[in-house]
Amino acid sequence: QVQLVESGGGLVQAGGSLRLSCAASGRTFSVSRMGWFRQAPGKEREFVSDISWSGVNPYYADSVKGRFTISRDSAKNMMYLQMNSLKPEDTAVYYCAARSVVVRYENGFWGQGTQVTVSS
């Protein structure tokens, strides 16, 4: 099993910044990629960004490209999401997720989520 714990959410005004953190522990040797997803009230969960366990090959949803930056600190088993130029539509619960090579995120490991609220 892999345990994931998010932190760093909060309330911020539009145009502001937040940095989310995700701490990974347990059987992390099985992880190939880690990512961020979000779910806004009344909407389905959506992909935000992900990155390889080694910290390369990041991918971003079009809605956050150029504003969000994903990164990894392998020594600390941490993943981060730097969110700049935040918009009210970024308001959601943000989840950290991890998967192995042969498993989709849906069947991987998930954190408990952290709330991000962007006021207009």
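1. Two strands are said to pair if DSSP finds at least two bridges between them, strands themselves being DSSP runs of E with at least two residues, numbered from the N terminus. This is a predicted model, in which local features need pLDDT of at least 70 and side-chain atom pairs count only at pLDDT 80 or more, while totals for chains, interfaces and linings use all residues. Residues are numbered from 1 along each chain as its sequence is written, and side-chain values use heavy atoms, with hydrogens and water left out.

2. With pairing so defined, β4 (residues 33–39) is joined by 6 bridges to β5 (residues 46–52), the two running antiparallel, and Arg33 stands opposite Ser52 in β5. The hairpin of β4 and β5 has 6 residues between the strands, and there Gly42 takes a positive phi near 75 degrees.

3. Strand β4 also pairs with β9 (residues 92–99), in the antiparallel sense and over 7 bridges, with Gly35 opposite Ala97 in β9. Of the 7 residues of β4, 6 are buried, so the strand is largely enclosed by the rest of the structure; buried here means under 20% relative accessible area, with a 1.4 Å probe and protein chains only.

Conventions
Buried means under 20% relative accessible area, exposed over 50%, partly exposed in between (1.4 Å probe, protein chains only). Helices (H or I, at least four residues) and strands (E, at least two) are DSSP runs, numbered from the N terminus.
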